[in-house]
Amino acid sequence: MPVVSPNRMKNKKKKFHVFKYLFLLLLSGVLAIFGFILSVIWGFWGPLPSDAQLANIRQSEASEVLDHRGELIGKYFIFDRQQVSFDELPQHLIDALIATEDARFYEHQGIDQRSLLRVLFKSILMNDESAGGGSTLSQQLIKNLYPRQSHGLFTMPVNKIREAYLATRLEKAYTKEEILSLYLNTVPFGDNTFGVESAAEKFFSAHTAELSLDEAAVIVGMLKASYGYNPRVFPEKALKRRNIVLDQMKKYGYLSHEETQIAQAKPLTLSYQAFSHDKGIAPYFRAHLQKELEKILTDYNQANNTSYNLFTSGLVI
């Protein structure tokens with residue numbers, strides 16, 4: 001019968017204790033992470049929106065003043081935003097958005113694990129500008145709707161977990177088309193502009209449905225950095241970013257090589273039209289009109305138990 005030396009027995013016990021310690025350490029880490037995630041989901045770091053709130057998202061809209069021909073002459077707003085329906089979004093705008101911001105938008109349910117890994121290795125380690133972001137459109141929408149809160153050292157993990165969890169709930173409450181519409185109607189652009197319709201009006205004097213392919217690529221390009229790629233402030237950077245968006249569209253099969261070259265060869269041409277309360281067409285008339293409208297709305301709200309607001313209700317005058 002073989003004899004086991006005391007030293008060998010001691011070594012086996014040491015190895016067993018080491019593996020046991022490492023296992024317990026790993027288990028503790030997994031339980032700590034799981035508990036941390038649950039603490040965010042259960043609202044220990046701040047309340048989360050209810051299902052009813054997620055299902056009834058409404059953003060403030062600018063009110064528009066039109067002339068007798070239906071042409072826009074001014075706006076009243078706190079945030080310059082007009083809503084557009086999914087049917088008003090040109091297909092090349094949707095394609096540009098998905099190709100640049102969330103290539104597997106129609107495949108995931110709010111979180112794209114492959115995209116997170118791509119960003120880790122491609123964007124951070126290889127410094128590839130065309131890699132895009134790690135957050136899905138649904139996560140970005142949640143971030144825009146429910147701004148991030150500060151939690152000290154835990155700010156980033158708390159907010160990322162919160163956005164991921166709410167994104168999965170958002171995907172259950174809305175169709176993919178509805179999420180695209182919500183996103184494009186909510187996202188901030190440069191010059192205090194919110195939503196694609198206001199951006200199209202401001203930078204190209206056009207409605208969203210009228211945007212050309214290259215104009216749509218400029219709009220989508222601003223999403224990466226609304227100020228840094230503002231075509232009014234940094235036209236050269238905006239042009240470079242536009243061409244990256246077009247390359248992404250070609251990469252994912254939305255454009256042919258020839259279509260991409262034609263669009264990239266076009267110059268960056270703006271038809272900038274800023275809107276404010278005291279500048280633009282007929283400012284004195286609009287200032288007088290504002291007083292009249294506020295009186296009319298006050299009387300109307302009192303008589304009908306409503307809460308219309310000239311600066312947030314998206315009225316058309």
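Modeller: The side chains of Lys266 and Asp214 meet in a salt bridge, 3.8 Å from N to O. A salt bridge here is a side-chain nitrogen of Lys or Arg within 4 Å of a carboxyl oxygen of Asp or Glu. This pair links distant parts of the chain, 52 residues apart: Lys266 sits in the loop between α11 (257-265) and α12 (283-304), Asp214 in helix α9 (residues 213-221). Helices are DSSP runs (H or I, at least four residues), numbered from the N terminus. Lys266 is partly exposed at 40% relative accessibility, whereas Asp214 is buried at 10%. Buried means under 20% relative accessible area, exposed over 50%, partly exposed in between (1.4 Å probe, protein chains only).

The model is predicted: local features need pLDDT of at least 70, side-chain atom pairs count only at pLDDT 80 or more, and totals for chains, interfaces and linings use all residues. Residues are numbered from 1 along each chain as its sequence is written, and side-chain values use heavy atoms, with hydrogens and water left out.

The count comes to eight salt bridges. Among them is Asp51 with Arg169, the closest N and O atoms being 2.8 Å apart. Asp51 lies in helix α2 (residues 51-55) and Arg169 in helix α6 (residues 155-173), 118 residues apart. Asp51 is exposed at 56%; Arg169 is buried at 15%.

Helix α6 also holds Glu163, which pairs with Arg148 from the loop between α5 and α6, 15 residues apart. The closest N and O atoms of Arg148 and Glu163 are 2.6 Å apart. Glu163 is buried, at 1%. Arg148 is partly exposed, at 33%.

Technical notes
Helices (H or I, at least four residues) and strands (E, at least two) are DSSP runs, numbered from the N terminus.
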